[in-house]
Amino acid sequence: MDKQAQVLDLLETAVTSMGGSMRTGQQEMVKHVVEALEEETHLLVQAGTGTGKSMGYLIPALAHAQTSAKPVIVSTATLALQSQIVGRDVPRLLESLKGKLSRPMDVALLKGRSNYLCQYKLGGGYPDDNEGTLFEMDAPAAPAGQMFSPLAAEVLKLRDWADKTDTGDRDELIPGVSDKAWKQVSVSAMECLGSQKCPMADECFSEMARARASEADVVITNHALLAVSAFEGLSVLPDFEVAIIDEAHELQDRVTSSVSGALSARTVLTAAGGAKRHCGVNVDELTKATARLEKSLTGVPTGLLEQGLREDMGIALNDIVEQARLVLALSKPEANAPADGGRQTARSQMQAIMDDAIRMLEAEERREVLYTSRPREFVEGRGYAETDDSQPATLNVAPLSVAGKLREGLFDGRTVVLTSATLAIGSQFDAVAGSLGLMGQGAPSWTGIDVGSPFDYPKQGILYVAKHLPKPGRQLAAETLDEIEDLISASGGGALALFTSKRSAEEAAAILREKLDVKILCQGDASMKSLVADFSAERDTCLFGTMTLWQGVDVPGDSCRLVIIDKIPFPRPDDPISKARTEDVAKHGGNGFMQVSATHAAIRLAQGAGRLIRSVQDKGVVAVLDSRMATARYGSFLKSSLPPMWPTTDKKVITGVLSRLKPEA
């Protein structure tokens, strides 16, 4: 029996034992993944909703790992999917394949160091710069008549959990704690003392996770760690020859975010204060250099620095680099000095300051993007207001492209399978492939395959484009609100409304709660998990939200019979990285709008529309309230990324369909 037949036999065994049956697309995916692993070629697989994608790559991964000396890496965009694969998919799969594999298989979960509790920090080995924590307390009881602060109570909860957990993984703590509380018991990779110096290295949860991963057959990780491995060449992952990238449409953005840097006067002063307090170093000159940086950024408009650094910015950054280098030299511990968490934290902060400043000074030759940012003021009931350019600015640096680094650090010398429900636009994979380094001179060869979906989209779904509405502006138009009201009235609820801005989602929810006799939930009212659970459980409830809801929401059945998209999800006009990439494409003779903005929008649209049909029984309507889908030249390009639903621009047809879809009371 050849390899493909063997793996297909495993697939049949697994799905049958779980009470299902093999799907055509799933079989096709397995065949192509096995072929890619055998021939050591890169593969892009678009597997539509309902295909059983995770099974389609996990079974070939397990089969390959049986005879491989190195683990197979499986990377996801989110920690949530990472945990789902390890906590649900893999255990069920291994149970179903008992006796069918040549040997027991070990699958390990690996996250970044800050996701694990640090025993040394919990024991007081690092300085506590926050009031209200309880590192010095020996007993959990509060003194008579006194109440612990919420933060202190959370830290006590963490201390109790630390005695019970086997992994120290934050996601295993249910219910969880705030980010501020977790920061009291975790360290970043730079802050870590390292296994050679840490007194509690033998009890380190992060090191134990890495040790398990080094011995595992399959390692489930995330795009952030993959980015560190590819860009910085650090051994954060075990040595591997095969990688499977799930949610691959997110890889470019996740990698970009993971390897971006930021510098502000506040961050430099914080680092300087830490060096003075924990290392006894004079930081007066560093403080002066920081003041010069702040002055150089004062009044600079928020956004892309198209001309690069001004002279005064460059001088200030050079001064910061020299002073940070001096502080690091003066704060270096003696050869046999005992572990000192405070010194390590201070030095790690200073090193990060110096590294980011150097990147900014070398941005042009590194082909990196420089831009300024400022926080957006939150106004109750209105969402995020415009930034105030009079506020202190943060200077940011990000790669103009991640393609070259991914080509060298990920694809070179390895076999990589990339999969998602949205990788192709029409039948073309070139846009995603190009963004990841698989196009152009010297690019490795690859194959793209769309294995389809088990759903009959033309019969199960309708794509409605509201051609009669005015072109959308920055604010939510009254006509758009009226359209949403009419659609939800016709459907009797059961609507997932996806907005391109938090302000629009909140405004629509507030107004329509007064007009509609259905329950409307809005992102931010409660935890996302709780909101989705309520939306799923109550068939006439509606859920309004932003980009978080555009993907990952899986609500089959009557509870989601209408998906509303307020606007084509182009990148924000002031998004500096998209703007820089668009200009770079145009500079090299391409169509920057189509290659960057339209491609970004097409993939996001497909993700949003994919929330509607989640099972073979589902029926419903995707309503796009942006007339440009019907009138603009790029409209057909955007539609080509969507599932092949029956299209219409006739509102009367849609309200009639929605009325018929309304469940009986």
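A salt bridge is a side-chain nitrogen of Lys or Arg within 4 Å of a carboxyl oxygen of Asp or Glu. The exercises below apply this criterion to a predicted model.

**Exercise 1.** Determine which residues are linked with Lys70 in a network of salt bridges.

*Solution.* The network is made up of Lys70, Asp239 and Glu241. Within it, the side chains of lysine 70 and glutamate 241 meet at 3.4 Å, N to O. This pair links distant parts of the chain, 171 residues apart: lysine 70 lies in the loop between helix 3 (53-65) and strand 2 (72-76), and glutamate 241 in the loop between helix 9 (223-232) and strand 5 (242-245). Lysine 70 is partly exposed, with a relative accessible area of 28%; glutamate 241 is also partly exposed, at 42%.

**Exercise 2.** Classify arginine 113, a salt-bridge partner of glutamate 207, as buried or exposed.

*Solution.* The side chains of arginine 113 and glutamate 207 meet in a salt bridge of 2.9 Å, N to O. The two residues are 94 positions apart, with arginine 113 in the loop between strand 3 (107-109) and helix 5, and glutamate 207 in helix 8 (residues 205-215). Buried means under 20% relative accessible area. Arginine 113 has 15% and is therefore buried, whereas glutamate 207, at 24%, counts as partly exposed.

**Exercise 3.** Locate tyrosine 126 and state its contacts.

*Solution.* Tyrosine 126 occupies the loop between helix 5 (119-122) and helix 6 (150-162). Its relative accessible area is 6%, so tyrosine 126 is buried. Leaving aside residues up to four places away in sequence, tyrosine 126 touches several residues, including Cys118, Val187, Cys192 and Gly341.

Notes
Residues numbered from 1 in each chain as written. Predicted model: local features only at pLDDT ≥ 70, side-chain atom pairs only at ≥ 80, totals over all residues. Heavy atoms only, no water. Helix = DSSP H or I, 4+ residues; strand = E, 2+ residues; numbered from the N terminus. Buried < 20%, exposed > 50% of the residue type's maximum accessible area, 1.4 Å probe, protein only. Contact = heavy atoms within 4.5 Å.
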